Amino acid sequence: MSPARRCGALRAAVAAGAGLSEGPAGSARRGRLLRAPSRLLRLPGGGAVRAASPERAGWTEALRAAVAELRAGAVVAVPTDTLYGLACAASCSAALDAVYRLKGRSHAKPLAVCLGRVADVYRYCRVSVPDGLLRDLLPGPVTLVLERSQELNRDLNPCTPLVGVRIPDHAFIQDLAQVFGEPLALTSANLSSQASSLTVEEFQDLWPQLSLVIDGGPIGDGQSPEYRLGSTVVDLSVPGKFGIIRPGCALESTTAILRQKYGLLPSHGSCS
């Protein structure tokens with residue numbers, strides 16, 4: 001079964017289990033989402049640190065709810081270490097298309113993938129840098145652009161052989177990626193070309209199109225302009241070199257590691 005058909009079947013099963021009928025084109029889910037997000041769950045302790053008992057139950061509920069929606073082919077909003085993001089299963093072509101539609105994003109702009117562990121990078125990418133370099137930068141506010149492997153869905157960024165990889169330094173999304181067990185497609189929670197979001201209230205216009213919103217509280221202090229820059233995006237696909245695609249919020253510390261510790265040289269045209 002194709003990824004799109006598999007996602008459609010999963011969505012129908014979840015809808016049926018909730019007493020809903022999708023209809024021939026998913027009309028029930030869309031009708032429900034036009035009114036409000038299915039659920040908004042607030043993480044105990046803000047979500048950046050794993051909750052301890054007795055708050056652990058709320059953390060586990062949020063994880064289970066997010067995993068269920070992702071497996072059903074839905075799009076969910078999640079906190080990261082830099083911005084609020086939109087996540088879906090990278091293996092689900094229908095969900096990928098939904099992300100582009102709800103953001104008004106050009107399909108020519110690639111989506112990053114979020115993984116749960118550094119070891120997962122080797123499965124989904126061809127890595128030509130030392131393992132220590134990956135572990136010095138990940139988890140962290142950095143997106144590493146590497147050559148993709150055949151393990152990734154062909155409908156994910158079909159126009160490029162590269163893929164950006166994120167492991168945010170945020171406890172909830174790390175747990176989510178690990179429990180889900182597959183790559184998550186990840187992009188910022190905002191309409192394309194509009195300001196990025198540091199609180200869930202800042203992307204309320206998108207709520208009606210989302211199945212689940214996970215509220216982890218304000219990112220940073222909720223006002224720091226550097227956080228709105230998003231992650232620093234670094235091209236590591238050329239051995240011995242690096243290219244800064246987006247300076248982001250961690251440019252200085254990232255380039256210091258690449259140049260001083262690992263001796264990588266900036267590629268021609270890099271903005272570093």
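**Labels and their cut-offs**

Mentor: Let us begin with R42, which counts as exposed because its relative accessibility is 59%, the label being given over 50%, with buried meaning under 20% and partly exposed in between (1.4 Å probe, protein chains only). Keep in mind that this is a predicted model, in which local features need pLDDT of at least 70 and side-chain atom pairs count only at pLDDT 80 or more, while totals for chains, interfaces and linings use all residues. Residues are numbered from 1 along each chain as its sequence is written, and side-chain values use heavy atoms, with hydrogens and water left out.

Trainee: What makes the pair of R42 and D215 a salt bridge?

Mentor: Their side chains meet at 3.4 Å, N to O, and the rule asks for a side-chain nitrogen of Lys or Arg within 4 Å of a carboxyl oxygen of Asp or Glu, so the pair qualifies. R42 lies in strand β1 (residues 39–42) and D215 in strand β9, so the pair ties together parts that are 173 residues apart in sequence; strands here are DSSP runs (E, at least two residues), as helices are (H or I, at least four), numbered from the N terminus.

Trainee: Is D215 buried or exposed, and how do you know?

Mentor: D215 has a relative accessible area of 10%, and is therefore buried.

Trainee: Why are E202 and R228 both called partly exposed?

Mentor: E202 has a relative accessible area of 38% and R228 one of 29%, and both values fall between the two cut-offs. These residues also form a salt bridge, with the closest N and O atoms 2.9 Å apart. The pair links distant parts of the chain, since E202 is in the loop between β8 and β9 and R228 in the loop between β9 and β10 (232–235), 26 residues apart.

Trainee: Why are α3 and α7 described as oblique to each other?

Mentor: Helix α3 (residues 56–71) and helix α7 (residues 171–180) pack at about 50°, with their axes 10 Å apart. Angles under 35 degrees count as roughly parallel, over 145 as roughly antiparallel, 65 to 115 as roughly perpendicular and the rest as oblique, so α3 and α7 are oblique.

Trainee: What makes T199 buried?

Mentor: T199 has a relative accessible area of 15%, so the label is buried, although T199 lies in the loop between β8 (184–188) and β9 (212–215). Leaving aside neighbours within four places in sequence, T199 is in contact (heavy atoms within 4.5 Å) with Y84 and P218.

Notes. Axes are lines fitted to C-alpha atoms, for helices over the stretch in contact, and angles run from 0 to 180 degrees between N-to-C directions.
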